[in-house]
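Let's walk through this model together, starting with the chain as a whole and then turning to one helix and some aromatic rings. Keep the 3D view open as you read.

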Amino acid sequence: MSENEENNRQNEEGKQGEENGNPAGHLVRSIHLNEMYEDWFLDYASYVILERAVPNIVDGLKPVHRRILHAMRELDDGRFNKVANIIGHAMKYHPHGDAAIGDALVQLGTKNLLIDTQGNWGNIHTGDSAAAPRYIEARLSKFANEVVFNPKTTTWKASYDGRNKEPLTLPVKFPLLLAQGVEGIAVGLSSRILPHNFNELIDASVRILQGKDFEIYPDFPTGGMADFTKYNEGKRGGRVRIRAKITQADRKTLAITEIPYGSTTNSLIDSIIAANDKGKIKIRKIDDNTAENVEILIHLAPGTDPDTTIDALYAFTNCEVSISPNACVIDEEKPRFLGVKDILKISTENTVDLLKKELEIRKGELLEQLHFSSLEKIFIEERIYRPIEQCETWEEVINTIDKGLDPFKPNLYREVTRDDIIRLTEIKIKRISKYNSFKADEAMKELKKELELVEFRLENLVDFAIDYFRKIKKKYGKGRERKSEMRSFDTIEASMVAAATQKLFVDRTEGFAGTGLKKAEYVADCSDIDDIIVFRKDGTFIVTKVTDKVFVGKDVIHIDIFKRNDERTIYNMVYRDGKGGHNLAKRFAVLGITRDKEYDLTRGNSGSKILYFSANPNGEAEIIKILLYPRPRLKKRTFDFDFSELAIKGRTAKGNILSRYPIQKITKKEEGISTLGGLDYWFDEEVQRLNTDEKGKYLGNFKNDKLFTLMKSGSYKLYTPDVQTHFEDDLIHIEKFDPEKVITAVYYHGEKEFYYVKRFQVEETDKRVDFIDAETGSKLVHVTMAQNPWLEVAFDNKKLKKPLDNEEIDATEFIGIKSYKAKGKRLTDKPVKEIKLLIPVREEEKQSAPSSEEESTEKTNTTDSSDDDHDDGTQQMEFKFN
């Protein structure tokens, strides 16, 4: 459109506006909404992604954090500054108000890495917020000053109003993004990178530089236990399960000492109370004693099992949470989704590049210093300044000095420039008169040494970077050990751990069952997520969910809580097959079924009827007495039947014929015993739980047997096997209990400051037994259940006047079997360097003992072997001490 046509169009629109009541000269123009959306919304989305919510991969910071750190660097004088002052200073660079800056500053401060804090900065455990900015103070940490800032390698840009300069990115020489973690929600995408361990990140960076493979997993400041099986390198679709650390203080009390990341003690307690109100768990009260460390005490209701309650807390409360990571970063002005391993590789490469740039800058500075020092030395010692006294103009001065330097130019570090000559003219007479050639030479030697070092580091850049990372770890890594325990979690079935807070009733006459029939017959305690199984007289049964009231059919002969896939509960039954048919007996278990579907236990003939029925939770087989109706020629009307003679089959099995004659009555004559064998148990070391699914170490077949466990703290405990049992965190050994076995323990006595040996047999008790008093500073060194253990004592000859050879001791001859309460026998009164536990020597080896030379060789070769090579089934547990 030409300019005249555009003017005519605007005039025409103006006339139309006047006719419609608009003032003359005001233009009316229509704008399509889709154009507004394309321009404005996309600009806004891009701004939020790039400038607000997503961190930059180069320095691992969001813009607000970068601007806060830059403002703190400008204010930094080694002393604390009021947070209110820092916020005001940062507003020169961040255009989004003091509230946003203050919240971001508190986030940085609570991560205890870049900022030293003073005052009440809140509590990550309780969720308490920080005090007002005027009451709290902050300063940059030594780590931040060393790792984050370097003006020489920083790229700058203008601030939002053009008055100041701010860094485009900070030259961070550390994987800061992964160490701190980050969360941000932008338009159309979000970023969630979990925090990782400081020392583990450095170790992984070193492995990258060494060309080795590595793995890194998150580490949370709140501690707890975490399952990273599905972490997926922090990419989209991954998942991390985090659990609170729950210990059993006593039979009536549970203690929570660490909470899941992202939770607070208040939110955790609220979720526990809500679960209790819903009847999922049964607790009496909760005490929150959290201060610097988390301590939540859960007092259980009478009769509540602690192990089941722990599982229920994980199943129904925030004691277990699931976090979905989503590693999104800004890379070259675009959002990218990367795994944490890729992020660490990029960060490590960036650190190497920054170190190289710093070395190159330093090399240039050293060359400049050497160049000018050489010029100064020549200028003064060769008295090149004297001829300039005859010069009348400035140009003559410059040219005279330049000519005077000509003989020396080939030996200089670079060409002489006009600026170099001007600097020479600025040297004061006082400096020339007091110039010390020897000191100048020494200073140049130091510069050359440093230059050689810098050049060596540039030539061996990777080794220099590795050394840099190790120095950072040595300097700042203390106290930054892993807080979250890496574990594999088992899957908790909610129906197995829900507390039975409801009561189930049945009205056999009307055929109703439920928790609302308070005046009917009581059946059992249940939870609101349980299923019930109902057997009827006509030989049918049904499984349905617990409700207030549900019709289950008339003539109910048995009702109970149903446990899916329960192979231990066996039903014994006698039924009549149809009207006037044979009487059959069968034993069966009910495993997988469909809820609310009716199943028939008989052959389905009309008139079938159950004559006798019993449910046996451990597969018991009773003896029954059968009374037949009188019949001509029937000589024997009564006889006994033992259900143990029947094999256990499926519920659809026909059964065996018990009698072809009509049965008048059946009574139980004798209680039965279980016909099932003991249960086979395995111990899965990854989840620290028992199972019957053949996962982990096989422990044996248990019927009325106990489980024996040994703890690193110097204690043991016996358990009745149960898949819901929670074992101690310091468990080191577990096996089927054998009362005949002898425990041999070597320990350091904290008060006596000597090493002792004790041998004892386990005393049967349900309580945890401490055979070493850990409170006195005593600690377990070795423990074994081998029959004939030998010990090798290496003496600390540095503390002895006369060196001693290693001594080998037969523990069985050294000390007899005593009570676990006994102190034991002192191993030696000499200073000890190390104690080794040798392979047990069998009795037959003792009888045919080899020569001393052969014996010495044999013991040396077997020191590091395992008891698994022996056929006595014993195992060896070993601990090394400092």
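The paragraphs below go from the overall fold to individual side chains.

This is a predicted model, so local features need pLDDT of at least 70 and side-chain atom pairs count only at pLDDT 80 or more, while totals for chains, interfaces and linings use all residues. Residues are numbered from 1 along each chain as its sequence is written, and side-chain values use heavy atoms, leaving out hydrogens and water.

The protein chain has 20 helices and 49 strands; these are DSSP runs numbered from the N terminus, with helices being H or I of at least four residues and strands E of at least two. Of its 882 residues, 45% are buried, where buried means under 20% relative accessible area with a 1.4 Å probe, counting protein chains only. Contacts mean heavy atoms within 4.5 Å, and among those in the protein chain with a separation of 6 or more, 67% are between residues 24 or more positions apart.

Now find helix H12, residues 394–405. Its 12 residues reach 17 Å from first C-alpha to last, close to the 16 Å expected at 1.5 Å a residue, the expected span being 1.5 Å times one less than the number of residues. Val397, Ile398, Ile401 and Leu405 are buried in H12. Seen down the axis, the buried residues fall within an arc of 95°, so they line one face of the helix; the arc is that of the directions from the helix axis to the C-beta atoms. Their cover includes helix H11 (340–381) and helix H13 (418–425).

Next come the rings. The structure holds 33 aromatic pairs: rings of Phe, Tyr and Trp (its six-membered ring) pair if their centres lie within 6.5 Å, and planes under 30 degrees apart count as stacked, over 60 as edge-to-face and the rest as tilted. Phe143 and Phe174 are edge-to-face, 5.2 Å centre to centre with 85° between the planes. Phe143 belongs to helix H6 (residues 142–147) and Phe174 to the loop between strand S5 (165–169) and helix H7 (176–180), so this pair links parts of the chain 31 residues apart. Phe143 is buried at 3% relative accessible area, and Phe174 is buried at 2%.

The rings of Tyr716 and Phe771 are stacked, because their planes are at 25°, with centres 6.5 Å apart. Both residues, Tyr716 and Phe771, are buried. Elsewhere, ring pairs join Phe535, Phe541, Tyr571, Phe588, Tyr599 and Phe613 into a cluster.

Note on methods:
Buried means under 20% relative accessible area, exposed over 50%, partly exposed in between (1.4 Å probe, protein chains only).
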